[in-house]
Amino acid sequence: MQPSLEKLRKFFRLEHDNGYQDRVVIGGFVKILDLWQAEARNEKVPEEIVQAVAACLRDYHDLTPEARAEALKKLWKQIQGQAGKAVSPEPRPSPQPRPEPGRADMHPGGRTSQTPIALNASLTVLNGIGPRYAMDLAKLGLHTLGDMLYYFPRRYDDYRQLKPIHRLFYGDEITVIGTIQSVTSRPVRGGASSITEAVINDGTGGLRLTWFNQPWLTNRLHVGDSISVSGKIDQYLGRLVMNSPDWEPVEVESLHTNRIVPIYPLTANVAQKWLRKRMNDVVSFYAPRLTDHLPESICTSAELINLKTALLQVHFPDDQESLRAARQRLAFDEIFFLQMGVLGQKRDWQTAAARVFEIPDDWLEARIHALPFTLTGAQARAVADIRKDLGSGKPMNRLLQGDVGSGKTVVAALAAAFVTNAGAQAAIMAPTGILAEQHYRNFLALLSSEGDKGQGMGDWLKDEQIRLLVSDTPEKEKAEIRAALASGEIKVVIGTHSLLEDPVAFAELQLAVIDEQHRFGVEQRAALRSKGTNPHLLVMTATPIPRSLALTVYGDLDLSVMDEMPPGRQEIETHILTLRERERAYSLIRSQVAAGYQAFVIYPLIEESEKSDLLAATAEQTQLQEEIFPNLKVGLLHGRMRPDEKDAVMLRFRNGEFHVLVSTTVVEVGVDIPNATVMLIEGANRFGLAQLHQLRGRVGRGAAQSYCLLIPAHEDAVENERLAAMAETNDGFVLAERDLEQRGPGEFLGTRQSGYAGLRMASLSDVRMIEKARLQAQLLFERDPDLQMPENQLLAEALRCFWSGSKGDVS
C-alpha cells in the first residue's frame with residue numbers, strides 16, 4: 001500500500017479510538033487534506049480515490065460522530081475496492097526505497113546541470129542512515145540528499161516568543177512548553193475505551209492535556225520531563241484544556257538557544273530530533289553550494305532573496321522576517337514555473353495557423369436580430385471576442401465562464417453559425433446524454449430553418465444538418481450520422497464521448513465546443529481537436545472561477561466572463577430553515593405545485609445507514625410519496641442508476657410526469673427545467689459553496705419567482721458559514737472566492753491537476769503573489785521568448801525538467 005494510504009489508515013484507526021471527535025489532527029482532518037492530496041498524487045494513487053477522500057474529509061467536521069464513523073467506514077471500503085485488494089493491518093516493508101518521485105524532482109529548479117552531483121547520492125551516505133532508516137525515509141519521499149533540501153518543515157516552534165499558560169485563551173491554536181506534573185490513565189465506557197490525562201505547568205499556571213485511547217502514553221510521558229504541546233485550547237468545567245495535542249520532548253539545547261526550531265513531518269521509526277540533526281547537516285553544507293536557476297534580474301525586480309539563502313532560512317530561520325522572505329521566494333518559484341508553463345502553452349497554440357472566418361457586420365446583425373430575445377452586454381462581449389478570434393488566423397483557445405443561467409448556449413450557437421455559414425463543421429461535446437440532448441434542442445431552435453426566423457435568410461441550417469450522437473443513438477442512425485459527417489452534409493453535431501470514437505470523422509471540423517470542460521481530461525479534449533486541423537476551441541463552464549485560478553490554472557486560455565443575467569430573470573430567494581421548520585418547506589412545495597410548478601428535493605446520500613443521521617434519497621422518496629405528498633407524483637434520481645435510466649427520469653420530470661424529483665447531486669450540472677421553482681436541499685451543510693450554488697441554479701430558469709431552501713443535518717449547523725453566504729448572495733463569483741478561501745482549489749481544478757497538486761509553499765488564493773509571478777513571466781517572454789540569452793539558460797533547463805512529466809491542456 002502507498003505510504004499516503006497507510007498514513008490515512010492510521011489516522012482513521014486513531015479517529016476510531018478517539019470516538020470520532022475529529023481531533024486526531026490539529027484543526028481537524030480538513031487541515032491535512034491539501035498536503036495529503038499532494039502526497040497521494042505523487043505516489044500515483046488513483047485519482048478516484050483522491051477525489052473520494054477529498055469529498056469525505058472536506059465536510060467531515062460538520063457530521064455527528066455516528067455519521068463520521070459511517071462515512072469513514074464507507075470511504076475505506078471504497079479505497080480497498082478501488083485499490084484492488086484488501087488492506088492488511090500492517091503493510092510489509094518494501095525490499096528497498098522507492099526511487100521515484102523525490103522531493104527535489106518535484107520542486108522548481110530542484111534538478112539542473114549546475115546541481116552538485118553529490119545531491120543525487122542515496123541517503124545511506126550519511127552517518128547513522130543504513131538501509132532500514134533509508135526505507136523509513138523513503139515513505140516521506142526522501143531518497144537522495146537533494147530531496148532533503150526540499151523537505152520543508154510543517155510548522156515551527158518559536159522558543160523566543162512563547163506564550164505563558166496564564167495568558168492562554170479559549171480557542172487559541174498555539175504551542176506551549178511546560179513540565180509534566182502528573183500522568184494518569186483511566187478506563188471509560190465499561191473498559192471499552194480509555195482516557196490519558198497529563199497536567200503540565202510552566203510556572204505561571206497549569207494546563208490539562210487529554211488523549212483518547214492512547215494508554216501507552218503513560219509509558220512515554222514522565223513526571224518532571226519538559227514537553228512541547230501544540231493544539232487548540234478548549235474549555236471543560238470552566239478550566240482550559242487541550243484535547244489530543246501534538247506533543248514532543250523539549251530539547252534543552254533548542255530551548256536555551258532562543259531560536260525558531262523547525263518541526264518536520266514524520267513517519268514510524270523516525271524521531272524529530274534525529275531527523276532535524278540530519279537535515280541540518282545536509283542543508284547547512286549543500287544549500288550554500290547551489291546555483292540559483294532564477295536570473296538575478298528577476299530576483300531584483302520581484303524583490304526576492306536568492307535560492308541558497310531561502311533554503312537555509314526556510315529550514316533554520318534566524319527570525320520571523322527571514323522565514324517570511326524564504327517562504328515568499330520558494331512560493332514565487334512554484335507560481336512562476338506554473339505561469340511560464342501556461343504562457344508557454346498559450347504561445348505554442350498561437351504559433352499554429354487556423355482557418356480565417358470573416359463575419360460581415362450585416363450578417364451578424366441580422367442573426368442577432370432574429371433571436372427571440374436581446375443579448376445581454378456580457379453575451380455581446382463574448383460574441384465579439386469569438387468573432388475576433390475566428391478572424392485572427394490563429395486557433396481560438398477560449399474559456400467561456402458564466403454563472404448558471406447566464407446564457408452561454410446562445411453564444412456557443414452563434415459561434416457555430418459563424419463557421420457553418422462558411423461551409424465548415426462544428427462539434428459540441430457535453431458530459432451527459434441529457435445535457436447533449438438539451439443542447440441539441442436549443443441548437444435546433446437557434447440555427448435551424450424550421451419556423452419563422454423573421455429574416456428570410458438563405459443560410460439557416462436544415463434540421464438534418466444538425467444531429468445528436470450519444471451512446472443511446474441506434475446503431476443504424478449512428479452509421480448514417482458518421483457517413484454524413486465524413487461527407488460534410490452534417491454541419492453541427494452535438495454529442496457525448498461518442499464523438500471521440502474512431503469511426504467518427506469530419507469533412508472539415510473547424511469549431512470544437514466543450515461544455516462543462518472540467519468533466520473532461522486533457523486526452524479527451526485533444527482527441528476531439530484531432531478530428532480537425534487546428535480547429536478553433538471554445539470551452540465552457542458554469543462554475544465561476546476565482547481570479548487567482550483564472551490567472552494560473554486557466555492561464556493558457558483567453559477568458560470571456562458572463563457576469564450578467566438575461567433581463568427578467570429574478571433572483572432566487574434563499575432561506576436557511578431549521579429541522580423543525582421542514583414542514584414550511586413542504587407547504588411551499590405544495591403551493592408551487594398547485595400553481596403548476598415543480599420542485600427538487602436533494603439529499604446527500606443514496607441509501608440510509610443505521611448509524612448515519614443523514615437523510616437518504618431512496619428512503620425519503622418513499623416517505624415523501626406515501627406520507628408527505630400522497631396526492632403528487634414523486635420521482636427518484638441518483639448516481640447508481642445507469643446513464644440511460646437517469647436520462648429517462650429527467651425527461652419524465654421535464655415533461656411534467658413528476659411534480660417533485662428526489663435526487664442526489666447528480667442534477668448539479670446543466671439540466672434545464674424552466675418549470676421548476678423550488679430547490680430544497682437536505683443536509684445542506686454537507687455541501688461546498690460551489691456545489692450548493694450549482695444546485696440552486698437548477699431552478700430560477702423561467703420567469704416565475706424561485707426559491708432555494710437549505711436545511712442543515714443538525715441544529716448546530718444552522719449558523720454554518722457556507723449556508724449564510726448562500727443566503728446573502730446569488731453572485732456565483734463572490735461565492736467562488738469564498739469557496740476557494742474555505743476549501744482550497746480542489747473544487748475548481750477538475751482534470752487540470754498537473755503541476756497544481758504539488759504546491760508546498762504557494763497558495764492558489766494568493767492573488768498578489770500570482771500577479772507578481774505572472775508579470776515577471778510575461779516580461780521574460782517579451783525579452784527572451786525562447787530563453788536563449790545566457791542568463792536564462794539555467795532557467796530554461798529547470799523549466800524543461802519541471803514540465804517534462806506534465807501534459808499541457810493544448811497538446
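Start with strand S3, residues 193-201. Is it buried or exposed? Eight of its nine residues are buried, so the rest of the structure largely encloses S3. Buried here means under 20% relative accessible area. Keep in mind that this is a predicted model.

Now the neighbours. On one side of the sequence comes S2, residues 173-188. S2 and S3 run antiparallel, and nine bridges join them.

Next, S4, residues 206-212. S3 pairs with S4 too, again in the antiparallel sense. Here there are seven bridges. Asn 201 stands opposite Gly 206 of S4. S3 and S4 also form a hairpin, and four residues separate the strands. Gly 203 takes a positive phi in this hairpin, near 95°.

So much for the strands. What about the whole chain? The protein chain has 28 helices and 21 strands. It has 811 residues, and 57% of them count as buried. Now contacts. Take those with a separation of 6 or more: 74% are between residues 24 or more positions apart. Last, the surface. The chain exposes about 34400 Å². Carbon and sulfur atoms supply 50% of that area.

To recap: S3 is largely enclosed, with eight of nine residues buried.

Technical notes: Residues are numbered from 1 along each chain as its sequence is written. This is a predicted model: local features need pLDDT of at least 70, side-chain atom pairs count only at pLDDT 80 or more; totals for chains, interfaces and linings use all residues. Side-chain values use heavy atoms; hydrogens and water are left out. Helices (H or I, at least four residues) and strands (E, at least two) are DSSP runs, numbered from the N terminus. Buried means under 20% relative accessible area, exposed over 50%, partly exposed in between (1.4 Å probe, protein chains only). Contact means heavy atoms within 4.5 Å. Accessible areas come from the Shrake-Rupley method with a 1.4 Å probe; for residues, only the protein chains shown count as cover. Two strands pair if DSSP finds at least two bridges between them.
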